[in-house]
Amino acid sequence: HLSELSINSQGGPSVANMTLSPNLSPDAKQSSPLVSPLLNDPSCIRAEEEEEVKRKRFPTEKAYFIAKEVATTERTYLKDLEVITSWFQSAVSKEDCMPETLKNLIFPNFEPLHKFHTGFLKEIEQRLALW
């Protein structure tokens, strides 16, 4: 701690008289860390616990955000797939603009795709919840 401070001609501070605090030894090193008031302060411990809770609630790991982006993309893809499977099939069936052989070739593939991606999205969301 500085007891007096004066400004030199260049505008910077210069030490006029310096006294040491009780926690500093004469060579300006801090004494034992066990004497630190932070170790005895219960609010410091609570702050660490609150930080741990925040870290668990809002993970900052890059992998978590990548997984979250994959889940968002998968959710969007699944909705698009539902549009194809329901709306497209009904539109093609009503207008009868596609040969039956082509319908039989394309439409049976929609259901397995939809089933796979529904399960995949569920698994991603469960893993994110456990993260």
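A salt bridge is a side-chain nitrogen of Lys or Arg within 4 Å of a carboxyl oxygen of Asp or Glu. In this predicted model, the side chains of Glu100 and Lys103 meet in such a salt bridge, at 4.0 Å from N to O. By this rule the count comes to 3 salt bridges.

**Overall architecture**

- The secondary structure of the protein comprises 5 helices and 2 strands.
- Along the sequence, these elements follow the pattern β-β-α-α-α-α-α.
- Of the 131 residues in the protein, 15% are buried.
- The accessible surface amounts to about 10,800 Å², and carbon and sulfur atoms account for 60% of that area.
- When contacts between residues at least 6 apart in sequence are considered, 44% of them join residues at least 24 apart.

- Side chains of opposite charge can pair when their charged atoms come close.
- Glu125 forms a salt bridge with Arg75, and the closest N and O atoms of the pair are 2.9 Å apart.
- Because Glu125 lies in helix α5 and Arg75 in helix α3, this pair ties together parts that are 50 residues apart in sequence.
- Glu125 has a relative accessible area of 33% and is therefore partly exposed.
- Arg75 is likewise partly exposed, with a relative accessible area of 33%.
- Once neighbours within four places in sequence are set aside, Arg75 is in contact with Leu121 and Glu125.
- The C-alpha atoms of Arg75 and Lys122 are separated by 9.6 Å, although these residues are 47 apart along the chain.

**Salt bridges within single helices**

- Glu100 and Lys103 are 3 residues apart in helix α4, so about one helical turn separates them.
- In helix α5, Glu123 and Arg127 are 4 residues apart, about one turn of the helix.
- The side chains of Glu123 and Arg127 meet in a salt bridge with an N to O distance of 2.9 Å.
- Glu123 is partly exposed, with a relative accessible area of 39%, while Arg127 is exposed, with 57%.

- Glu74 lies in helix α3.
- This residue is buried yet has no salt bridge.
- For Glu74, the nearest side chain of opposite charge is that of Arg75, 9.9 Å away.
- The salt-bridge rule requires nitrogen and oxygen atoms within 4 Å.
- Apart from neighbours within four places in sequence, Glu74 is in contact with His117, Phe120 and Leu121.

**Surface patches**

- A nonpolar patch on the surface is formed by Ile66, Val70, Phe116 and Phe120, which together have about 360 Å² of accessible area.
- Helices α3 (62–95) and α5 (110–130) are the elements that give two or more residues to this nonpolar patch.
- Phe120, a member of the nonpolar patch, lies in helix α5.
- At 33% relative accessibility, Phe120 counts as partly exposed.
- A separate grouping on the surface is a patch of negative charge, in which Glu48, Glu49, Glu50 and Glu51 gather.
- Glu49, one of the residues in this negative patch, lies in helix α2, which spans residues 42–57.

**The loop between α4 and α5**

- Pro108 is located in the loop between α4 (100–106) and α5.
- With 47% relative accessibility, Pro108 counts as partly exposed.
- Pro108 and Thr85 are 23 residues apart in sequence, and their C-alpha atoms are 9.8 Å apart in space.

How values were computed: Residues numbered from 1 in each chain as written. Predicted model: local features only at pLDDT ≥ 70, side-chain atom pairs only at ≥ 80, totals over all residues. Heavy atoms only, no water. Patch = residues over 30% accessible without salt bridge, like charges linked within 9 Å, V, L, I, M, F, W, Y side chains within 5 Å. Areas by Shrake-Rupley, 256 points an atom, 1.4 Å probe, with all protein chains shown as cover. Buried < 20%, exposed > 50% of the residue type's maximum accessible area, 1.4 Å probe, protein only. Lys, Arg positive; Asp, Glu negative; His and termini not counted. Charge placed at Lys NZ, Arg CZ, Asp CG, Glu CD. Contact = heavy atoms within 4.5 Å.
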